[in-house]
Amino acid sequence: MVTDTVIKKGYKQTELGLIPEDWEVKNIEDLTPPGKKFGIVDGPFGSNLKTIHYRKSGIPIITSGYVTDGKFFAPEYLYVDIEKFKQERRSAVRGGDIVMAKIGERCGASAILPKDHSESILSGNALKISIDENKFSTELIAQILWRHHTIGNLELLRTIGAQPAISMANLKKYKIPIPATKLEQTAIATVFSDTDALIEHLEELITKKKAIKQGTMQILLTGKKRLPGFTGKWEEKILKKMIQIPVTDGPHLTPRFLQEGIPFLSVNNLNNNKIDYSDLRYISRKDHEEFSKKCKPQKNDILLGKAASVGLVALVETDLEFNIWSPIALIRLNKEYIPKFVYYLFSTKATSDQIKLLTNSSSQGNIGMCDIEKLNFLVPSKEEQAGIATIFSDMDTEIENLEQKRDKYIMIKKGMMQQLLTGKIRIYGNN
């Protein structure tokens, strides 16, 4: 039996689903200034803008790589001279335009070219959208396009070829729901820009805290600066003399992976100097017990990437039962050493440089267990090790708390986008 769909009061059914009655469905090309010939345009064809046209100064070239993270960031520019710019003026881009990656895996990613940016020229892998600011909020359109990119909607605009590419014709006809009044558009955009500013502030704070930690490591892990009350001499130690058991690795066999069971870590699970449990594979209890005859990780062991991603390091800080694959080496220290202190030593440039020298030059890179045991460290007393480890552990906790707070606001923004960009929740107008 067919029943009519109940439409919530104040909403209407459209080809994009339910939207508020006072919203509209617009093609992207409808958002550009009326009468503007190149409101949506891409960069010059490849043969029209080549390396021979590049200069060290002049008119900046705006490439797709500047917008692939959703924010405009150009660490450096290439340029063309004014004559070349005049020849390709069709591809001009101005401050306030939306720049989108046209070609490549990240095609569809976009960001606003800063309003105070000088007039520039697009590269062949980018396109731009000029918005009619009399009727529409560029900031809101940019947020809408970024959301559609991140949830995969813009993949529908791709053409099939050697590289993914956005079809200009498809982009112009791409439809989005949008409030009819610029006042409501601006109100929604302000919510997102305020949230973005908070996220960006947290990211800057995280970067600052990490830099402080790195600087502190340079002085505390080398003995250049001592903790109050400690005067004992630091001694040079070779890792082979610091360990309970010889450095070992996981099984070289490929096990049968299961949907659940005992976690089985690969080198990909060593991320940001810690174990990443977000993407695990599992093995059976039987395989785990068999593999554990060679290698059975336990709390306070140090895990080191020894193949492919050589030098990645993590400290086991849990009693969770798991096993590791052969690209990971297991280091178990004897009782004279604080595992967390030695773990931090593995994160220093001095240790990284040693590992690079000992890594062979095979296609993926590999460091042998015997070579790992050759690593040298400067080590203070166990008490000073503990004190230094506590300082860095506290720093890590502060950074992790900031990262969790940032990630929380990122998730909040995603939720708000789902609600505000579809009109399910209104912050202005009818409710």
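How many nonpolar, polar and charged residues does the lining of the largest pocket have by class? In this predicted model, local features need pLDDT of at least 70 and side-chain atom pairs count only at pLDDT 80 or more, while totals for chains, interfaces and linings use all residues. Residues are numbered from 1 along each chain as its sequence is written, and side-chain values use heavy atoms, with hydrogens and water left out.

The lining of the largest pocket has 15 nonpolar, 8 polar and 10 charged residues, where Ala, Val, Leu, Ile, Met, Phe, Trp, Tyr, Cys and Pro count as nonpolar, Asp, Glu, Lys and Arg as charged, and the others, Gly among them, as polar. A pocket is an open set of points on a 1 Å grid over the protein atoms alone, where a 1.4 Å probe fits, with protein on both sides within 12 Å along at least five of seven lines, and its lining residues have an atom within 4 Å of a point. The 33 lining residues of the largest pocket include Asp69, Gly70, Lys71, Asp196 and Lys413, which lie nearest its centre. Two or more lining residues come from each of strand E9 (110-112), helix H2 (138-150), helix H4 (182-220) and helix H9 (382-420), these elements being DSSP runs numbered from the N terminus (helices H or I, at least four residues; strands E, at least two). H4 provides the largest share of this lining, 7 residues.

The second largest pocket is lined by 22 residues, of which Asn272, Asn273, Lys274, Tyr343 and Asp396 are the closest to its centre. To this second lining H9 gives the most, with 6 residues.
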